[in-house]
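Me: I would like to learn how to read a protein model feature by feature. Can we take one term at a time, with a case for each?

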Amino acid sequence: MGGDGHLRAQLKDLMQPAAVMTGRSMSADLGRWRRRSRRVMAARIVLPAAVGVLLLVVIAQVGWRTYMAASRAPAEARTEIRLITPRFYGQSTDGRSFMITARSAIRDDADPRRIILEEPALTLDLGSPTPTRMTAKHGVYRQDTFGLNLKDDVRLDDGAGYRFASEESFVDTRTGDVSGESTMSGEGPSGQVQSRAYSVYDKGDRIVFRGGVRARFERQ
């Protein structure tokens with residue numbers, strides 16, 4: 001009997017630490033479960049609220065863009081009228097005919113009277129024995145004022161043996177006068193001349209050179 005009592009006492013001593021450990025484990029598991037439950041509950045509340053806010057933002061953006069698009073005037077589609085190898089005919093105030101040709105031309109959509117020319121060529125005194133001819137890489141012709149602006153590698157041949165070169169010229173096709181405010185160099189039967197500006201009047205019978213004029217004349 002004494003031995004049995006001693007054995008039961010030992011078993012009781014061994015079972016007490018195990019019970020204490022089991023109680024602590026259950027308490028820790030219960031704490032973790034509670035924390036997880038709180039996170040799940042918070043997610044169930046926060047996520048739907050965030051989705052709702054996001055939807056409101058998207059709807060507001062779509063509505064604002066729709067309103068702005070409706071209040072904005074529709075942009076007119078710009079059309080480009082391109083002419084291939086065009087020809088423009090006219091007559092100066094003294095009855096001389098002229099013709100303007102080009103490799104291609106574009107009529108300005110914003111100003112239909114303004115025509116942009118590529119590789120234009122102008123012939124003054126059309127039909128005469130010695131017409132004046134001018135060429136350039138680019139040009140702009142106005143049908144309302146009959147003015148022709150020539151730019152880049154402008155060449156003038158008066159038909160009588162005189163040739164001039166400059167980078168820019170303006171031709172008033174109503175009078176046939178030609179002027180330029182860029183460096184010009186010319187040559188002809190009587191010599192050579194250079195200047196920073198020039199004007200041609202009276203069918204080429206009168207030419208005025210201005211600015212840094214240099215000339216060399218040859219005896220006939």
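Reply: Start with burial. Buried means under 20% relative accessible area, exposed means over 50%, and partly exposed lies in between, with a 1.4 Å probe and protein chains only. At 3% relative accessibility, Tyr 141 counts as buried. This is a predicted model: local features need pLDDT of at least 70, side-chain atom pairs count only at pLDDT 80 or more, and totals for chains, interfaces and linings use all residues. Residues are numbered from 1 along each chain as its sequence is written, and side-chain values use heavy atoms, leaving out hydrogens and water.

Me: What share of the 220 residues is buried?

Reply: Buried residues make up 24% of them. For area, the Shrake-Rupley method is used with a 1.4 Å probe; for residues, only the protein chains shown count as cover. The accessible surface of the protein comes to about 15,600 Å². Carbon and sulfur atoms hold 57% of that surface.

Me: How many helices and strands does the protein have?

Reply: Helices (H or I, at least four residues) and strands (E, at least two) are DSSP runs, numbered from the N terminus. Here the secondary structure comes to one helix and 16 strands. Helix α1 covers residues 2-71 and includes Leu 55.

Me: What is Ile 100 in contact with, leaving aside its neighbours within four places in sequence?

Reply: Contact means heavy atoms within 4.5 Å. On that rule, Ile 100 is in contact with Pro 86, Arg 87, Phe 88, Leu 117, Ala 121, Leu 122, Tyr 141 and Leu 148. Now take the whole protein, and contacts between residues at least 6 apart in sequence. Of these, 34% join residues at least 24 apart.

Me: How many aromatic pairs does the structure hold?

Reply: Rings of Phe, Tyr and Trp (its six-membered ring) pair if their centres lie within 6.5 Å; planes under 30 degrees apart count as stacked, over 60 as edge-to-face and the rest as tilted. The structure holds two such pairs. The rings of Phe 88 and Tyr 141 have centres 5.7 Å apart and planes at 50 degrees, so this pair is tilted. Phe 88 sits in strand β2 (residues 87-91) and Tyr 141 in strand β8 (residues 138-142), 53 residues apart. Phe 88 is buried, at 10% relative accessible area.

Me: And how are the rings of Phe 164 and Phe 209 placed, centre to centre and between the planes?

Reply: They form a tilted pair, with 6.4 Å centre to centre and 40 degrees between the planes. Phe 164 belongs to strand β10 and Phe 209 to strand β15 (residues 206-210), 45 residues apart. Phe 164 is buried at 12% relative accessible area, whereas Phe 209 is partly exposed at 26%.

Me: Next, charges. Which residues are linked with Arg 113 in a network of salt bridges?

Reply: Side chains of opposite charge can pair when their charged atoms come close. A salt bridge is a side-chain nitrogen of Lys or Arg within 4 Å of a carboxyl oxygen of Asp or Glu. The count here is 12. The network links Asp 111, Arg 113, Arg 142 and Asp 144. In it, the closest N and O atoms of Asp 111 and Arg 113 are 3.7 Å apart. For Arg 113 and Asp 144 the value is 3.9 Å. Arg 113 lies in the loop between β4 (104-107) and β5, and Asp 144 in the loop between β8 and β9, so the pair ties together parts 31 residues apart in sequence.

Me: Last, backbone angles. What is phi of Thr 85?

Reply: Most residues other than glycine have a negative phi. Phi of Thr 85 is near 45 degrees, a positive value. Thr 85 is in the loop between β1 (81-84) and β2, and is exposed at 54% relative accessible area. Asp 152 also has a positive phi, of about 70 degrees. Asp 152 is found in strand β9.
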